[in-house]
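Me: I have a model open and a few things to ask about it. Can we go through it piece by piece?

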Amino acid sequence: MSGVRVLVGTRKGAFVLSSDGKREKWDVSGPHFAGWEIYHVKGSPADPDRLYASQTSGWFGQVIQRSDDGGATWAPVGNEFSYDGTPGTHQWYDGTPHPWEFARVWHLEPSPGDPDTVYAGVEDAGLFRSTDGGQSWHELPGLRGHGSGPSWQPGAGGMCLHTIILDGPARIYAAISAAGAFRSDDAGQTWRPVNHGLHSEGIPDPAAEVGHCVHRIAMHPSRPSVLYMQKHWDVMRSDDAGESWREVSGDLPTDFGFPIDVHAHEPETVYVVPITSDSHHFPPEGKLRVYRSRTGGDEWEPLTKGLPQEHCYVNVLRDAMAVDSLEDCGIYFGTTGGQVYASADAGDTWEPVVRDLPAVLSVEVQTLP
Amino acid sequence: MIRVVLPAHLRALAQVDGEVQLEVAGQVTQCSVLDALEARYPVLRGTIRDHRSGQRRAFVRFFACQQDLSHEPPGTPLPDAVASGTEPYLIVGAMAGG
């Protein structure tokens, strides 16, 4: 029977949660890299035994870990992320120029076809690539250098490149807080912003090319021109590969949130976790509810069975939701309270896999043969 | 032989227990000790000082012989007691955060 491996990054280490295809009983291993912040762990689609992890510390900087045996053992690989050429400046919170400084890797995106090729989204925002299994990293400077870079400003969590979507050999999407969404059609050589239709409070120019606080973008591989976005406020949809966006928040109780994901087999089925507001990073009414739309947005239903419906004041961060590709699509998400919830029936019912981990930063899942 | 004490997280990363002992050729300075340390344990590159500039990371401090050497120029000779191995060179994660 096939199974799943859920890769969890937390404030104090990484955890690997494994189960068979029923997803009822779980083995938990960890903490790996105990005491370090693990921003992201992700497996290679080309080789499920190949995992990459971003291990960071305010004291000791960045480490990239690699596993070649599905997370049983790990070894550090390259950790030098040097911006291409003279880094230049972006805007600081007060609007003054601030030098580009590497802080950490937020997101690792392994190539679908080559386990040794992996992309890294970093803070301060930049996109790096390794083609030697993480030993060396080289920036794709066209993104930072396409022209608007000096006007980018950090969001409250830092100026991070948090979303990387690889669509075929040439097209790449990247999203940056708080610069917005960008697209390359030439494998990362050149880039342009794709933010038309986004409207953000605090940006007086309705046609602003950059400056939008995009929290997360999701795509279904069978329909790569359709993108879903959770923005700071607003859930958005594009049907033309980001050329234009329209709001699909519909009847959500609040359209603020962080993660967004798409059902593995139903490209019109989308999941979000509404959060009260940008000043109240917890679910409305103390009820943890995932919302599902089966219509590609606009019409949403709350999913509550098995989730706490009182006194719940956790958050779900942008990289902390994932879907498996088993026949009955599994959905997973982790909270800042240290719970990881799993649904083996596309969100109808939920069970906690673990309840007391450190705050969860990221959740990914591998569907194993 | 130079004795170096690493903070717990870096000991785990380098997979060492207790003190590290290093041979340092030539003059014993903070820079030459860190060069020798990183040559022995390449995984520590970038965790104590910047890869390219060599600048100490903000929350890492250097001590020896009850002195804070964090702001000394990297090429300054370390105390004789460190160079002779009588006293260890301490690399410390600053007490900050929670």
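Reply: First a definition: helices (H or I, at least four residues) and strands (E, at least two) are DSSP runs, numbered from the N terminus. This is a predicted model, where local features need pLDDT of at least 70, side-chain atom pairs count only at pLDDT 80 or more, and totals for chains, interfaces and linings use all residues. Residues are numbered from 1 along each chain as its sequence is written, and chains are lettered from A in the order in which they are written.

Me: OK. Where does A178(A) lie?

Reply: A178(A) is in the loop between β15 (171-177) and β16 (180-184) of chain A.

Me: Now phi. What is it for E285(A), and is E285(A) buried or exposed?

Reply: Phi of E285(A) is near 60 degrees, a positive value in a residue other than glycine. E285(A) has 57% relative accessibility and counts as exposed. Here buried means under 20% relative accessible area, exposed over 50%, and partly exposed in between (1.4 Å probe, protein chains only). Its loop runs between β23 (270-272) and β24 (290-293) of chain A.

Me: What about phi of H311(A)?

Reply: Near 55 degrees, a positive value in a residue other than glycine. H311(A) is in the loop between β25 (301-303) and β26 (321-323) of chain A, and at 67% relative accessibility it counts as exposed.

Me: Next, H199(A). What is it in contact with, sequence neighbours aside?

Reply: Beyond four places in sequence, H199(A) is in contact (heavy atoms within 4.5 Å) with P206(A), H212(A), K231(A) and D234(A). H199(A) lies in the loop between β17 (192-193) and β18 (214-219) of chain A. Its C-alpha atom is separated by 9.4 Å from that of E247(A), 48 residues apart along the chain.

Me: Switching to chain B. How many helices and strands?

Reply: Chain B has three helices and five strands, in the order β-α-β-α-β-β-α-β from the N terminus on.

Me: How much of chain B counts as buried?

Reply: 40% of its 98 residues.

Me: And which share of contacts in chain B with a separation of 6 or more comes from residues 24 or more positions apart?

Reply: Such residues account for 52% of those contacts. The C-alpha trace of chain B spans about 35 × 25 × 25 Å along its principal axes.

Conventions. Side-chain values use heavy atoms; hydrogens and water are left out.
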